[in-house]
Every structure is written in structure tokens, then in C-alpha cells.
Amino acid sequence: MKTDKIPDGKRKGSPKPKPKIQGWLIGGLLAVIIAVTFFSNDNGAVNTTYREFERMVKSNDVQRVVLIKNQDYIEVTLKEEALSNTKYQLALEQNKSLFRSQNDPHYKVEIVSVEKFAEDFEELMAGQREDLRFDYKIEERGDYTSILFNWGFLVLLIFGFWFLMRRMAGGGGPGGQIFSIGKSRAALFDAESKVKITFEDAAGLEEAKEEVQESVEFLRNPSKFTKLGGKIPKGALLVGPPGTCKTLLAKAVAGEAGVPFFTLSGSDFVEMFVGVGAARVRDLFKQAKEKAPCIIFIDEVDAIGRSRGRGQMPGSNDERENTLNSLLVEMDGFATDVGVIILAATNRPDVLDSALLRPGRFDRQISIDKPDVIGREAIFKVHLKPIQISKNVDPKKLSAQTPGFAGAEIANVCNEAALIAARRDKKKVDMQDFQDAIDRVIGGLEKKNKLISPEEKKIVAYHEAGHAVAGWFLEYADPLVKVSIVPRGVAALGYAQYLPKEQFLYQTEQLMDEMCMALGGRAAEEITFGKVSTGALSDLERITKLAYSIVTVYGMNDKIGNVSFYDSKQSEYNFTKPYSDATAELIDQEVKALIDKAYSRTKRLLLSKKKELEILAQELLKREIIFQSDLEGLIGKRPFKNLTTYQNFTNGTDDENEIKEDMDKLKSDIKKEIEEEETTTEEAK
């Protein structure tokens, strides 16, 4: 689309360019040069000797002589008829000056002293005819050059000091903001730069939005609460993992309320100078009171809100603690009807000081977890608005294929899908582009040049098929959503994606099924090849952690009993284990027995389903990617009444023809890329 360019000088609302300080300096320097040149005492005067001056006098060429008493030289002005002499013309022409006037002297003669010149001039006049004799004038004149050299350095020093102080006070250049270092660095969004984010943009955070809605109502209509004697909470702490849109929710509160919004990070208070953090806290609240009603948002508040005394050396002065003390005082210092609400965000609430979390400061802790399938669908709909998508893109299916994704990861998926479609010269982004983007976010960049041997590819196929079969025939396990044997990332030769149930409590049977499903890959390798590989590293790591949690954290072991060795405070001074060596040995034995039991159960299951394992592995070798909707047609229905989480969300109405078309297209694209790579390799050889 063609647009007319507007000249920079004619843009509406563009601020007028401010004069540069460098321009003023250059202009002043030129003015000084011109002044020195103009007011100098030898504007075009030719320096000559006293002997030459005597010759001029004897030739009757001199019209006037002026003795500069305080500078020990004389100025000689020639007669008009003498200027026609070629000798004088050449000398004056070589020393011609732009600022010379007609009354200026033509020659300048240095003298030894005034007394000596008087004697020599009197002797010179005695030798002249009486009608040719003349007298000289005596003057005292200021030397601007000497004044410049004597006082110029002092003036330059004063100007430089003034310029440096102005730069430091204004914050420009290195060393700036020396005098404003205690000022708050919060970015202000007011009526001119209004926050345009609303609750519609913060999708998937319905429960959290209900919590902060009360703050919005208070900022809009405070009398509604104060006339009944109620007090609005002073602060709310947004707690959640990274990428769950805590900052977005805070901006949405400001956008909905339509009030000024101060935003800054906890690290903005931290400075190497003592007392700076506390001064910035005081200045921030001073500005907030002037702009009330308003919102203060402190992101990553754990940078200054960490528990006092933790990790501090005895007798040391911790600047962070002084900043926290100032923050605590300021949060208690303003009245409840001022209209200043503080929002803070952190993903580490366990390290915060208890005084910061008490009622009257951060009264509420709003937990923002990763969204469920419904929340992910709402987030996808928000991020799909600016993207040109095809009709086959279904946010519901995308949300089901992205379990555990936070809002930031979903935004990254949408952006990656648009980039992939543009790279393929497509007019619109289709479902295949989104599936490739999800694969890239989960498993990393596809390694097209990573050539693996057929033996390794077969091992990976049976390994992933073991996971799929175990998850399909275990009642409490999470069946896979997608399994791939395409090499991705640094060392991943394949991966399986699952959609876990949205639950918070797990029973022993559920945890055991999860362990068995994770061991399905290792068991499938041993059953098929009679030996195992290193491909089960991540599975074994997850199994070991889960087994130790069952025994030592959740108290689900009969021999250890109802005991939990989990330290919720994560104390830094706990250097010893809270149990004896005998208990540690018993824990190790019970963990090993638990894992052995799960592995034996998994092997028995896969041996009974060896036919299904073979079918699924061969299909993986053929297609490389399989979805959950393909499993029912390949290895039969799941022998349980309850549907999987994926089936519940999609209501079991996946369009299998569409998926098969996508898979066939993907298969052809992969074959085409492999053929192109082989052709390029042969040409290179």
C-alpha cells in the first residue's frame, strides 16, 4: 500500500528540535576568533625594523607615528603618495587583512624602551630639514590577545564546570543524574500516554480478574466503599510462574480504571550508593500521592522484598534492607482513602519478607497459574486476531495440543506460525504451520541435516511407541496427544506430548501409572531388542524424582510411614539431612523397590500388547508423527469408560480426514526436503 511521506519538519505534533549545545559552542568559538582578529593591534600592519623606519623617515614617506607606551612598539602610517611605491605595495599586499580600515597603520616597529626611542627619534629629527620634521603621539592601549590568554582559561574553566553540572543534573551522558539519583525511575502512563490494555486482552485469567475487579471499582467510584466504612486493600501481590501475564493483568487494571499507572522493576531501587533505594521509594510515593487516584506496579518485587537477615554478614549494612524498610513505612504511611493502590508481581513468593505480606500492606495474594485448556483457547483467540489465518485453524484444537503452555509461550507459538507461513510463501497461516510452530517450541528447531542411521531411528520409534502403548492401556496415565520421531533440538531424536488432567490431588495408583508410562520406552527397547539405550535419560530422571517424592515427601510408603522430609521454607542454614543414615538407607531401598515394581509391571503390560507395540512402531517409522486420534484406529479403543482429557475437550469430534490430509502433506514435505538435501549433498561431493 502506497503512502505519502510527510517531511520530518511538517509532522503534526512533532516537537521542535532543540538547539544542540555543540552548536552553541562552535558559534561561541567562531565569535571569539572573529573578535580577536578584529580587535587585534596589528590588523594588516607589517612588522619591520627600526633601521627601515629611519629610511622611511629620511625618504619623507611617513605621515604619522604613534608610540604605544605600555606595549613597547610604534605604529607607522605612510603618506598616500608613498603607497604608490612598488616596494610598499608588495609588502602590504602580502599582509593584507579582511578587517583592515583606511586609518589603520601600515607598519609596526618593536622598540627597546620608551626612553631609548625618545632619544633615537630626537637624534633622527635633528638630521632632517626643519620643514620635514614632525613629532610622534603617545598612547596607552589594551591588548585583547593578552586579555584572552590571561582570562580565557578561567572563563573556559567556569563554563566547563557549569556545563558539567547541567549535564549531571539533567541526566545526559556518562555520569548523568548525579544530583537526581534519588529520583524515582518509574515510567508514568497518564492521560497523555494512556494504557490501552483492557481485561479483554488479558484472556485466560478469569479468576484473577475477579480478584482485581474490586480495585478497579474503588478507583472509579471510591465513595461506593468509603461511605459504608469499608477500606479497600492497599496492595495486591500477583504470584505465578514466568510468562503467565502478571504484568499484562496489572496494565489491564490501569486500562480499565483509566487512572495514572506507575510501573517499574524492583531492581530500579537497587543502587551502589547508600540511601539511594530508600530515597527513590519516597520519591515514588510522593509522585503517586500527587497523581492519586493511581496505581503503582512493582515488577519482580523479590529484588527488594527478600527476607531481611537472609545471607547477610554480621555487622554489615545491607542497602536492600534499608530500601525494604522504606517501602514498608511508605505503604503504612498513606491513608486508605488516598486512592493509591500497589500491585506487585513475583514468581518467588517464598523468599519475600513476612512483614511485606501482612494485612495492611499486600493484603491479597492473587495466584496466577498456567491456564487450562479453556484458558489457552481464550488466549489463542486473542493472539490470532492480528494474524491472517485460514479456515481450518481451530483454537480449540491448538489449546488441546499445547498442554502446560503459559500465555507468553502461546504468543510465541502464534508468532512462530506466522513466520513459518511467510517462509513458505503462503497467503494465510494454516493448521500445519501452527503444528510445526508447536513442535519447534516444545522440541526445538528441526534438524534437517541430522542424519541418523536406520538402526537408531528404529530404536527411537519403538521407544516412543512404548510410551504411547503404556499410556493408552493404563487407566490413570495421560495418553499422548502427539508423538514424533523427527530429530529436534540439541540431542532430542523424538518426543511425546501429553495432556495431563487438571487436578491437584493424586492418589498412589495415579502416580504409579505415571511411572509405568514413563518407563514404557525403556521396557519397549528391552522387549524388542533385548538391550537398552541411553535414550531414556530424561525418563529415568523424572521417575527417580517422582519415586523419592512418593517416599519422602508425600508419605505414601508403608515402611517409612506418614512422614514428610520436605522443607517448605527452604532454609539456607539446613546443612544436614533431617533423618539418620539408617533412614536414608531405607529410603534408597524403598525407592529402588518402587521403581523395580513399576518396571516389571510395564514389561508385563507391553508383552501382553506386543502386537499393538509393533503396529504403532511401524506406523511411526512410516509417518514419523502420530496423533491421539490415530491410536484408536491403529490399536483399538481404550478399555476404560472415562474419555481422555483431549477427547473430553474436543468432544471426540476430531476430523480424522483433515488430520490425515495434514499428515500426508507433512509426509510429502519431509520427503521432498530429504530429496533436496540428498541432491545438494551429492552436488557438493
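This is a predicted model: local features need pLDDT of at least 70, side-chain atom pairs count only at pLDDT 80 or more; totals for chains, interfaces and linings use all residues.
**Entry 1: α19 and α21**

I then looked up helix α19, residues 520–529, against helix α21, residues 581–608, and found their axes 9 Å apart at an angle of about 60 degrees. The two helices are therefore oblique to each other. I also noted the hand of the crossing, which is right-handed where α19 passes α21.

Which residues meet here? From α19 I listed Gly 520, Arg 522, Ala 523, Ala 524, Glu 526 and Ile 527. Their partners in α21 are Tyr 599, Thr 602, Lys 603, Leu 606 and Leu 607. Sorted by class, the contact of α19 with α21 holds six nonpolar, two polar and three charged residues.

I kept Ala 524 selected and asked for its distance to Glu 614. The two C-alpha atoms are 9.9 Å apart in space, while 90 residues separate Glu 614 from Ala 524 in sequence. Glu 614 sits in helix α22. Is Glu 614 buried or partly exposed? Its relative accessible area is 35%, so Glu 614 goes down as partly exposed.

**Entry 2: α22 and α23**

Next I followed α22 to its packing with α23. Helix α22 covers residues 610–623 and helix α23 residues 628–635; their axes come within 10 Å and cross at roughly 130 degrees. That angle makes α22 oblique to α23. The crossing of α22 and α23 is right-handed.

For the contact, I noted Glu 612, Ile 615, Leu 616, Glu 619 and Arg 623 on the α22 side. On the α23 side I found Asp 630, Leu 631, Leu 634 and Ile 635. The class count for α22 with α23 is five nonpolar, four charged and no polar residues.

I checked burial in α23 as well. Gln 628, Ser 629, Asp 630, Leu 631 and Ile 635 are buried there.

Most residues other than glycine have a negative phi, so I was happy to stop at a couple of exceptions.

Asn 60 has a positive phi near 60 degrees and is not a glycine. I located Asn 60 in the loop between α2 (50–58) and β2 (62–68). With 29% relative accessibility, Asn 60 counts as partly exposed.

Glu 300 is also a non-glycine residue with a positive phi, about 50 degrees. Where does Glu 300 lie? I found Glu 300 in the loop between β9 (294–299) and α10 (302–305). Glu 300 has a relative accessibility of 32% and counts as partly exposed.

**Entry 3: the whole chain**

I finished by zooming out. How many helices and strands does the protein have? I recorded 25 helices and 14 strands. Of the 685 residues in the protein, 40% are buried. The accessible surface comes to about 39400 Å², and carbon and sulfur atoms account for 54% of that surface.

Taking contacts between residues at least 6 apart in sequence, 76% join residues at least 24 apart.

Note on methods:
Residues are numbered from 1 along each chain as its sequence is written. Side-chain values use heavy atoms; hydrogens and water are left out. Axes are lines fitted to C-alpha atoms, for helices over the stretch in contact, and angles run from 0 to 180 degrees between N-to-C directions. Helices (H or I, at least four residues) and strands (E, at least two) are DSSP runs, numbered from the N terminus. Angles under 35 degrees count as roughly parallel, over 145 as roughly antiparallel, 65 to 115 as roughly perpendicular and the rest as oblique. A crossing is left-handed if the near helix is turned anticlockwise from the far one by less than a right angle, and right-handed if clockwise. Contact means heavy atoms within 4.5 Å. Ala, Val, Leu, Ile, Met, Phe, Trp, Tyr, Cys and Pro count as nonpolar, Asp, Glu, Lys and Arg as charged, and the others, Gly among them, as polar. Buried means under 20% relative accessible area, exposed over 50%, partly exposed in between (1.4 Å probe, protein chains only). Accessible areas come from the Shrake-Rupley method with a 1.4 Å probe; for residues, only the protein chains shown count as cover.
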